[in-house]
Amino acid sequence: MNIVDELKWRGAVNQVTDEDGLRELTNEKQISLYCGTDPTGDSLHIGHLIPFMMLKRFQLAGHHPVIIIGGGTGAIGDPSGRKTERTLQTESQLEHNKKALTEQMKKLFGTENFTIVDNYTWLSKISMIEFLRDYGKLFNVNTMLNKEVVASRLDNGISFTEFTYQILQAVDFLHLYRNNDVQLQIGGSDQWGNITSGIDLIHKVEGPETKVFGLTIPLMLKADGTKFGKTAGGAVWLDPKKTSPYEFYQFWLNQDDRDVVKYLKYFTFLDQDQINDLAEKVEKEPWKREAQRTLAREVTTFVHGEAATKHAEEISQLLFKGDIKDLTTEDIEQAFKSAPSVDISADVVNIVDWLVNTNIEPSKRQAREDVKNGAITVNGEKVTDIEAEINPADHFDGKYVVVRRGKKHYTLAKVTK
């Protein structure tokens, strides 16, 4: 199957400048294509991941992906998807973020048949006079104003700096076409105006018959209409220090039946038969959640590797069984990073008093009742004696006490005093 047709089957195509032309080109030869990201932070989140998943599909089909880590454009700020001006970053912030994003990309794409570039290396060499004469003269202000990314900002105002962003991105495409033989740019749906600006520039400079193309990815929404990739705890990051592999795994494992097949198409490299088989199981045996487990396993392995995925699955199994005493201190930090937490001292305290002091129980009467009824588990051990004591030094290097009330309500007590 042609790569364009596969992307369409996966629901991953929003707009293409010339679908038939791109299909013909990718049938004829292995092409170079690119996607860019500005170093506005030191990690991508899963919303950013979507166009790079498409880039990875091209790589697996034998094509050559080029990724721009935008040190130049990142110093300016992309107005896309924003209502106000970005805060300009310092040079040291940009350098830190560029290094971190470069390492993430290497992890996702490997080291073969893959190129990373920084647009600062060419944009920084363009003088003001060159910018205005060689590029500014080729852009019509009326056309620029009609681009959605600019038009949406006119009511609140947009600086000349951010207004010129589309010119810089167009220069990127021209540079990569000339120096890296790049013929396709991929981006999110909000990048359509910037992408077409690049194609227009190339056609003006290199000739109208030049074969260059643009492709955007649809805006992804969940079945309930909310934006994909956000949780109560915020964004789901690729950096394991920001979102642990366990949390990352759980995010995918907890997806709605109405969304899971769509995400299997977008975020995994399973083929059509495998995905269709899982879709059938969602319909006939949804309680088994096999599609969700497969999704979680595949995406976590892609981002964090097999060892991290296996570890996340082991933590999940132990938590499901309530057998947390076999977890390490590091496991506890991963598993309960987003759980309700309280700060405690290292003092040894009677369990009833301790439960009330931490607000896990509303009163001593309720605390005594829950302990006697076996509803309280401390560090994986059920406690039924109201005279028992909590000693934080007993488990998890004296850093944590994990309490479960009932079957599902966990609280992480952190020794901070």
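Two strands are taken to pair if DSSP finds at least two bridges between them; helices (H or I, at least four residues) and strands (E, at least two) are DSSP runs, numbered from the N terminus. The model described here is predicted, so local features need pLDDT of at least 70 and side-chain atom pairs count only at pLDDT 80 or more, while totals for chains, interfaces and linings use all residues. Residues are numbered from 1 along each chain as its sequence is written, and side-chain values use heavy atoms, with hydrogens and water left out.

Strand β9 (residues 341-344) and strand β15 (residues 409-415) run parallel and share four bridges, with V342 opposite A413 of β15. Strand β14 (residues 400-405) is antiparallel to β15, and six bridges join the two. Within this pairing, Y400 has K414 as its bridge partner, and R405 faces H409. A hairpin with three residues between its strands is formed by β14 and β15, and G406 in the turn has a positive phi of about 75°. Altogether, five strands make up this open sheet of mixed pairing, in the order β9-β15-β14-β11-β12. At its edges are β9 and β12 (381-382), each of which pairs on one side only.

Another open sheet is built from six strands, in the order β1-β6-β5-β2-β3-β4, again with mixed pairing. Its edges are β1 (15-16) and β4 (115-117); each has a single partner strand, so one side of each is left without a neighbour in the sheet. The partner of β1 is strand β6 (residues 213-217), to which two bridges join it in the antiparallel sense, and V16 stands opposite L215 of β6. Helix α10 (residues 165-180) packs on this sheet, touching β2 (32-37), β3 (64-69), β4, β5 (182-188) and β6, where contact means heavy atoms within 4.5 Å. The direction of α10 makes about 145° with that of β5; axes are lines fitted to C-alpha atoms, for helices over the stretch in contact, and angles run from 0 to 180 degrees between N-to-C directions.

For residues 39-48, an unreviewed UniProt entry lists a short sequence motif, the 'HIGH' region; such annotations may be inferred rather than shown by experiment. This stretch is 30% helix and 0% strand, and its end C-alpha atoms are 12 Å apart.

Finally, a search of the whole structure finds one cavity of 30 Å³ or more, a cavity being a set of points, on a 1 Å grid over the protein atoms alone, where a 1.4 Å probe fits but cannot get out. The largest cavity holds about 40 Å³, the volume being the space filled by probe spheres set on the points. Its lining residues (an atom within 4 Å of a point) include D257, L278 and R289. Helices α14 (272-284) and α15 (290-304) each supply at least two lining residues.

Technical notes:
1 Å grid on protein atoms, 1.4 Å probe; cavity = no way out; pocket = protein on both sides within 12 Å on 5 of 7 lines; lining within 4 Å.
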